[in-house]
Amino acid sequence: MNLRKTFASATAMSLIMSAGAFAEEITIATVNNADMIVMQELAPQWEEATGNTINWVVLEENVLRQRTTQDISTNGGSFDIMFIGAYETPIWGANGWLEPLNDFGDDADYDLNDIFQLVRNGLSDSEGNLYALPLYSETSFTYYRTDVFEDKGIAVPEGQPTYEEFAAMAAAAHDPENGIFGTCQRGKAGWGENMAFVGPLVNAFGGRWFDMDWQPQLDSEEWNNAITYYVDLVSNYGPPGASLNGHNENRALFKDGKCATWVDATSAATDVKNPDTSTVADVTDFFKAPKQVTDKGTGWFWSWALAIPASSQSKDTAKDFLKWATSKEYFELVGETKGWVAVPSGTRQSVEADPRRLEAAPFASTIVDAILSVDPADPTLEPVPYTGVQFVAIPEFQGIGNYVGQQISAALAGQQSVEEALANSQTFAVREMTKAGYIK
Amino acid sequence: MSTKASRSAARLMISPAVVLLLMWMIVPLVMTVYFSFLRYNLLSPGATPWAGWENYYWFITDPSFNDAIWNTLALVGGILVITVVGGIGFALLLDRPMFGTGVIRIMVIAPFFVMPTVSALVWKNMFFNPVNGIFGNIATSLGLQPIDFFAEIPLLSIIFIVSWMWLPFATLILLTALQSLDQEQLEAAEMDGASWSSRFWYIMLPHLARAITVVILIQTIFLLSVFAEILVTTNGGPGTATTNLTYLIYVSSLLQFDVGMGSAGGVFAIILANIVAIFLMRMIGKNLDA
Amino acid sequence: MARAVSTKQKSINTAIAGTLGFLMFFPILWILILSFKTEEDAIRAPLEVLFSSGWTLDSFGAVQARSDYFKHFSNSVIISVGSTVLGLLIAIPAAWSMAFVPSRHTKNILMWMLSTKMLPPVGVLVPIYLIFRDTGLLDSRTGLTIVLTLMNLPIIVWMLYTYFKEIPGEILEAARMDGASLREEVLYVLTPMAIPGMASTMLLNIILAWNEAFWTLNLTAAKAAPLTAFIASYSSPEGLFYAKLSAASIMAIAPILIMGWFSQKQLVRGLTFGAVK
């Protein structure tokens with residue numbers, strides 16, 4: 001093991017010259033979000049510098065989760081680096097499935113403390129061991145079209161509007177004849193898809209997933225109010241086919257100028273506000289995600305991060321890449337080649353404070369403020385035994401979240417009523433929690 | 001007629017296939033059955049205690065279970081009806097004299113070569129998408145409300161996509177069978193004044209019976225485990241509208257990572273498959289006594 | 001004169017069959033067209049796409065830049081051809097003996113083999129995954145070849161069996177009378193007669209293996225990933241992506257489509273499974 005480490009550092013130092021002899025191949029599992037695609041385009045620079053090669057496995061988000069979870073939980077060793085999120089990282093880290101990255105703190109050039117504390121906390125277990133490094137992090141806020149709001153005479157809210165006010169804006173902006181839908185929201189089933197929007201919505205309506213005894217609360221009045229609101233909103237003022245639209249579909253619709261409003265990830269802003277990739281770059285602005293009876297937990301917290309499975313055979317090379325891909329140099333590289341507006345957001349303080357960034361993306365500070373205002377440890381009006389805004393940080397949540405997502409998406413598609421969807425969801429959640437031993 | 005030597009040689013020759021298939025079937029099967037009695041969730045590593053019949057209880061009482069059985073049968077049945085009826089129609093049509101037979105036939109069989117993933121993606125995006133899809137475009141240009149296929153008629157949409165792929169297969173087999181029909185017999189019937197419909201019912205259809213059973217058998221084998229088309233388009237939804245048994249097992253063992261319950265589901269699917277198999281074997285067994 | 005078909009009748013037949021055939025083929029044609037369009041043109045109304053937009057090869061370039069097509073292509077070829085050849089090697093002796101030296105168990109064995117194909121793969125994925133992990137077969141072409149061989153073996157055996165059965169037994173007996181050994185009998189008498197059947201069996205199985213999307217996706221990561229994995233990365237939209245999706249789809253299906261077209265006569269013969277008498 002020591003010998004291999006020596007080898008690795010030797011290659012790292014004498015880079016190109018000795019590269020051929022010690023070159024390794026690493027496999028990275030990723031989703032095809034815009035920031036990851038940029039990384040794939042830039043990665044050859046790392047490959048050239050180190051002589052190593054990368055195999056990219058690009059999968060759709062749900063499939064990625066299934067493949068990576070399957071591989072890491074069976075100790076399969078197929079991947080050397082995985083893109084995972086704020087939900088998986090602490091759970092997997094605590095299971096001993098991920099390589100701890102605490103030693104990144106020793107590297108002065110890397111400057112671990114430059115990465116936002118909140119984000120690092122989200123990627124650490126309860127004992128403070130760091131298991132993943134963020135490419136970007138996000139909360140949710142509202143995108144709106146300044147031109148449409150002006151045309152229709154809609155007042156831009158100051159501060160945080162309520163969902164009721166938000167529905168009125170969507171209604172006023174809705175003009176399908178002219179190809180503008182009042183609002184685009186996620187409808188595609190999945191705990192990381194529609195439930196990411198629904199979770200904070202329910203929080204805003206005063207609801208919660210579980211009470212302090214882990215009893216599911218899906219049949220509560222708060223959930224009913226929230227989901228009824230959601231189904232009405234999206235079916236009245238949303239685009240057709242909304243029950244199949246996830247983040248990427250909505251992003252495409254919004255960039256194409258089809259939506260007047262959209263509550264979604266702040267990380268999409270760099271793409272939506274980029275004139276090279278978006279038709280509405282000049283006419284998009286933001287305000288906070290709406291509140292209702294409370295403003296607690298109304299914006300989610302998420303981070304896409306790189307982690308190394310404990311089963312990887314090439315940990316040193318993987319670490320080397322990981323360091324490069326989240327380093328200041330990498331962000332600099334993205335800024336110089338793709339423009340400072342396209343630099344992944346919400347990761348490094350130095351990047352967000354960089355004058356080039358602020359000039360290219362004046363909205364960046366709004367996003368950072370929004371992210372820093374999230375508190376995953378205290379997400380709901382009433383007390384809860386869990387952390388997480390749009391998810392519950394327990395292994396069972398994936399299954400429950402997916403099922404509830406399916407039910408709500410069926411309600412949105414008009415296949416069943418909101419009451420049926422929530423009754424089914426409650427039954428399922430009680431089953432799962434009983435099976436897992438939370439409910440005795 | 002066979003000698004003792006050739007019989008033992010025959011046994012020797014058949015054994016690699018049998019032994020391999022036995023292993024392929026039995027090793028995972030035994031593991032699946034074993035797992036189905038364990039409390040085994042990949043997400044909670046550690047001990048996997050004996051669970052008794054718990055997993056079976058949870059799987060049968062899964063709220064999606066009934067829907068899944070029903071959807072599986074509807075999917076297999078629907079696609080079989082479409083492909084067999086459509087296949088007979090196409091075969092009769094292509095059997096007639098026409099210009100450019102070769103080209104037309106190539107166009108008809110082409111969908112059979114398309115990967116299920118590709119065909120699902122193409123239908124989902126380029127055709128069924130209510131905003132940018134072709135059907136949506138046509139509807140909008142006629143001033144109609146575009147149909148949101150996967151929300152309004154999800155199961156039918158899946159049946160449609162899968163049928164598109166299997167219709168050429170049925171057509172090919174039935175066409176070949178039809179072409180082997182004795183033309184003189186048909187002509188004689190025609191001379192005797194038999195109408196087209198009676199020629200079809202009494203001569204052609206009986207002749208096709210064997211080919212039809214083959215189509216049904218082969219397709220059932222593949223259709224029981226339709227998966228890629230569902231995963232790519234609807235993820236089993238909305239709700240459970242397109243969740244078949246295969247997909248339900250996928251959900252429990254690979255989305256909830258409850259290997260115990262997924263294995264119990266697997267055992268169920270195997271039982272269902274065997275019931276269908278026995279039924280089919282009976283049916284086709286007669287026809288195979290050639 | 002019932003048989004004389006008028007040109008008019010023939011034209012009508014052609015028109016009807018041609019229209020239906022075109023409709024069946026249209027989705028493939030459409031992605032072929034879209035793959036040569038820019039992303040902006042690809043989502044325009046169908047008529048505009050056809051008549052008022054230019055042509056470009058950009059999408060193919062973009063797809064190739066994202067993941068190396070040729071690596072996936074060669075994996076697909078190796079896995080599908082490999083599993084078919086391996087399957088034939090195992091199945092030929094089995095089918096031969098079942099066809100020519102039938103015992104009272106023959107039909108049961110055949111039926112049992114077919115029934116193994118009805119097991120849903122999802123149900124046994126975790127056990128297989130664990131076995132593969134322990135034997136180091138994960139993400140290897142060898143592993144995939146083995147799985148696909150076993151998956152399609154029942155179909156291969158059955159097709160060959162029905163094909164062999166049509167070879168008249170008298171020929172064999174004549175050869176035996178002439179003192180031919182079992183080996184000679186197989187090599188010089190049976191094989192030449194069986195080659196068309198084997199060819200069509202081979203073709204069908206290459207198609208099935210090429211298009212298999214469950215095992216190939218779940219047991220591979222990067223090294224052994226065939227074209228089914230190549231296309232999987234396009235399953236979620238990313239802005240405008242119809243042209244890229246079309247180009248990737250065309251690249252994934254073209255090889256097998258072309259092979260299928262050129263060999264359709266051989267293929268048809270094998271697809272009958274002895275259904276035609």
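Colleague: In this predicted model, how many residues of chain A are in contact with chain B?

Modeller: Two residues count as in contact if their C-beta atoms, placed from the backbone, lie within 7 Å. By that criterion, chain B takes part with 24 residues. The number from chain A is 28 residues.

Colleague: Which helix supplies the largest share of the side of chain A that touches chain B?

Modeller: On that side of chain A, α4 (61-73), α18 (397-412) and α19 (418-435) each supply at least two residues. The residues of this side divide into eight nonpolar, 19 polar and one charged. The largest share, seven residues, comes from α18(A).

Colleague: Which elements of domain 1 of chain A give two or more residues to the side that touches domain 2 of chain A?

Modeller: Chain A is divided into domain 1 (2-137 + 302-360) and domain 2 (140-300 + 377-435), and their C-alpha centres lie 30 Å apart. The contact takes 14 residues from domain 1 of chain A and 14 residues from domain 2 of chain A. On the domain 1 side, nine of these residues are nonpolar, four polar and one charged. The elements asked for are α4 and α5 (88-94) of chain A.

Colleague: Why are α5(C) and α8(C) described as oblique to each other?

Modeller: In chain C, helix α5 (residues 69-100) and helix α8 (residues 141-165) pack with their axes 6 Å apart, and the crossing is right-handed. The contact of the two helices comprises 21 nonpolar, seven polar and two charged residues. An angle under 35 degrees would count as roughly parallel, and 65 to 115 as roughly perpendicular. The two helices are therefore oblique, at an angle of about 40°.

Note on methods. Residues numbered from 1 in each chain as written. Chains lettered and ligands numbered in written order. Predicted model: local features only at pLDDT ≥ 70, side-chain atom pairs only at ≥ 80, totals over all residues. Axes fitted to C-alpha atoms, helices over the stretch in contact; angles between N-to-C directions. Helix = DSSP H or I, 4+ residues; strand = E, 2+ residues; numbered from the N terminus. Parallel < 35°, antiparallel > 145°, perpendicular 65-115°, else oblique. Left-handed = near helix turned anticlockwise from the far one by under 90°. Nonpolar A, V, L, I, M, F, W, Y, C, P; charged D, E, K, R; others polar. Domains from an automatic or database assignment.
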